[in-house]
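Subject: Structure handover

Hello,

Here is the structure I promised to pass on. Please look it over before you read my notes.

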Amino acid sequence: MRASRARRLVVGLLAGVLLLPAGCGIPAETDVQVDGSVPVAEPGSLNGPPAPPPAPTDSDEPVPFIENYLRAAAAGERDQAYARARTFLADEARDQLPGKPQTSEIELTVVRLRAKPESTPPNNQGTSTVRLKVQQVGVLRADGTLGPPAATDTEYVFELRRAEPAGTGLLITSLPTVLLTSDSALREYYRQHKVYFWNSDLTRLVPDLRYLPAVPTERLVTEVVKWLAGGPSDWLAPGVTGLPDRTRPINNATGGNSQWEVNLDMPGANEGRLARLGTQLAWSLPELTGQLDLKIQNQKRFSVDLERERGTHAAYPPGADPTRFSVYDGVIHPLALGSERRGAVPLPPAENRNVVSASIARADEQVLAALVVAAPGRRLRLKAGTGAEQVAVLHPSAATFRAMSRPTWLRSLSDARPAGLVAADGKLYRFDGSGGLSPVPLNVAGNVAAVAGSLDGHRIALVSGGAVYVAPVTVEGGVVSLGQPRRLPTLLTGVTAADWISEDQLVLAGNDPDRRSAIHQLSVDGGFESPLNPEVGAAVTQLAGYPGGGDRGLSSFSFMYETNGAAWRNNPFEFIKRQQVLDVPAGSRVVNPTAPFFVY
């Protein structure tokens, strides 16, 4: 994900026919808001110098001083993290943060501040206190992964005194015994970087998010090779294939000027394995062009043209060019927004009725359709089917439910065995192209409310019990299984919906700390979080994102959502109006479009 500068847009109601229920809670005018196209900042520098680490003398005010302390651990080489942090400590506090051996294996405890730090004025002895209210984000490991939180503390307290001689700043006299840093410091001194692992049947690549400090290019190659040799993130491991056991780099990568060389010890390094590693490296080093030579125990065995490899072998099928749709009075219709590409509904009229929500996907030459439709007795039923250019017949599920989420198709399956996932009455179900439903065992708290599949097809986002999870998807012989879901830290509570807006970013809706309905962007490991729409006005009941990037006719990080019986879009935030719904028959009821979604 490329960094971009935040743009602010004034959001107002546009002219046209727009129906909103009374008391909907959506204001007629809103304050300046952040445009939803703005991603979480991606910090760090590939070749430029890193930002200088903070010094204890940079501030003599308690709160900025502690904020600089939180930045210190992340601001430089990992093996010097403890040394940088200890420069903020008084002599009498040194034992509270024991020195570690100089090693890059040091782990950082990452927290997110839930409020502005609070400080007390100095007492008669000249000491003061700074109190942090935090959310545990995770543990930043030496392999660049952000693991789940190891601590459960929600508050940390620091005590400070004036340094001697007077006028030389502050020193910490009491502090937590873990090496702390903040998510904002992580954003300042690291950038997000993806490496790719093959799925279980070696047919497509799956991205794995890491954190990279500012490093020169030649060291980037070394770090990526080490990450691939070390294997995938713990949560993703059940869904992907690592390099052969005991694979390890021999010395650092060398090269420059578009010529790189990697020397490995790799058991069973045959031509097929080296070719697959070459593809992994090409996608895991998107900044680089030129040739990369692979040596096995000092013997050159394989070469890959990085740019050509990316152009020849896609990481995974990218899907069709995206188009927008919504439900209007129980019928799916295409949407016309600006100059965007417009689609046609690939369903006959007899099947396109009583629709509550829908998921339509294109897989090679097939169209996959899954609809949640109204059933007798105020129940809901799933209907699913496949076809070429049109799905002629949808097959209904035998069971009906009180509540169902928008379904999602799993893109990792073959055309012959299409399948998807849907939440119904608090449980997760797998469905096939004939509408058959089977429960999927899950070890998560609460009722499942929503599920969304990634573009690569081997990861899902899951909303259960008001929290958001990610889990790997494994497909063996057409049978879908999930790895253990990982709960992600977020400032939102009561999460109602989530979807993917890029390879490593989610969009989710819930309640912010002030109990306002809001939409946030969250990285797939929970490390970076950014508000996109802090004042939605009412609970979000459906949410659909497009994860394919900004080069297919849509802006990057595009999404749509439903709240209080009306559909919205981002880029910019605005209502989707009745006039933007295509092919509405003359004399139809005047209602709001609902349940928006993308077809791609």
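Below are my notes, from the overall fold down to single residues.

First, the ground rules. This is a predicted model, so to speak of local features I need pLDDT of at least 70, side-chain atom pairs count only at pLDDT 80 or more, and totals for chains, interfaces and linings use all residues. Residues are numbered from 1 along each chain as its sequence is written, and side-chain values use heavy atoms, with hydrogens and water left out.

**Overall**

The protein has six helices and 41 strands. These are DSSP runs, numbered from the N terminus: helices are H or I with at least four residues, strands are E with at least two. The radius of gyration is 26 Å, close to the 25 Å that the globule rule gives for 600 residues, so the protein is as compact as a globular protein of that length. The radius is taken over C-alpha atoms, and the rule is 2.2 Å times the number of residues to the power 0.38. The C-alpha trace spans about 85 × 65 × 40 Å along its principal axes.

Of the 600 residues, 56% count as buried. Buried means under 20% relative accessible area, exposed means over 50%, and partly exposed lies in between (1.4 Å probe, protein chains only). The accessible surface is about 24700 Å², and carbon and sulfur atoms hold 48% of it. Areas come from the Shrake-Rupley method with a 1.4 Å probe; for residues, only the protein chains shown count as cover.

Among contacts with a separation of 6 or more, 58% join residues 24 or more positions apart. A contact means heavy atoms within 4.5 Å.

Charges: 59 side chains are positive and 61 negative, and the centres of the two sets lie 4 Å apart. Lys and Arg count as positive, Asp and Glu as negative; His and the chain ends are not counted. Each charge is placed at NZ of Lys, CZ of Arg, CG of Asp or CD of Glu.

**Helix α1**

Helix α1 covers residues 62-72, and eight of its 11 residues are buried, so it is largely enclosed by the rest of the structure. The buried residues of α1 are Pro62, Val63, Phe65, Ile66, Asn68, Tyr69, Leu70 and Ala72.

**Aromatic pairs**

There are 15 aromatic pairs in the structure. Rings of Phe, Tyr and Trp (its six-membered ring) pair if their centres lie within 6.5 Å; planes under 30 degrees apart are stacked, over 60 edge-to-face, and the rest tilted.

Take Trp409 and Phe431. Their ring centres are 5.0 Å apart and their planes stand at 80°, so the pair is edge-to-face. Trp409 sits in strand β24 (residues 408-409) and Phe431 in strand β26 (residues 427-432), so the pair ties together parts 22 residues apart in sequence. Trp409 is buried at 4% relative accessible area. Phe431 is buried at 0%.

Tyr546 and Tyr600 also pair edge-to-face, at 5.1 Å centre to centre and 75° between the planes. Tyr546 is in the loop between β37 (540-545) and β38 (559-563), while Tyr600 is in the segment after β41 (594-599), so this pair ties together parts 54 residues apart in sequence. Tyr546 is buried at 1% relative accessible area, and Tyr600 counts as buried at 9%.

**The cluster and Tyr561**

Ring pairs join Phe559, Tyr561, Trp568, Phe573 and Phe575 into a cluster. Tyr561 lies in strand β38. It counts as buried, at 1% relative accessibility. Beyond its neighbours within four places in sequence, Tyr561 is in contact with residues including Ile519, Val536, Leu543, Trp568, Phe573 and Pro596.

**Backbone points to check**

Two cis peptide bonds deserve a look. One runs from Glu164 to Pro165, with omega near 0°. Pro165 is in the loop between β7 (155-162) and β8 (170-174). Another joins Asn571 and Pro572, with omega about 0°. Pro572 is in the loop between β39 (566-569) and β40 (574-575).

Now positive phi. Asn257 is not a glycine, yet its phi is about 55°. Asn257 is in the loop between β14 (254-256) and β15 (259-265) and counts as exposed at 81% relative accessibility. Arg378, also a residue other than glycine, has a positive phi near 55°. Arg378 lies in the loop between β21 (366-375) and β22 (379-387) and is exposed, at 83% relative accessible area.

Best wishes
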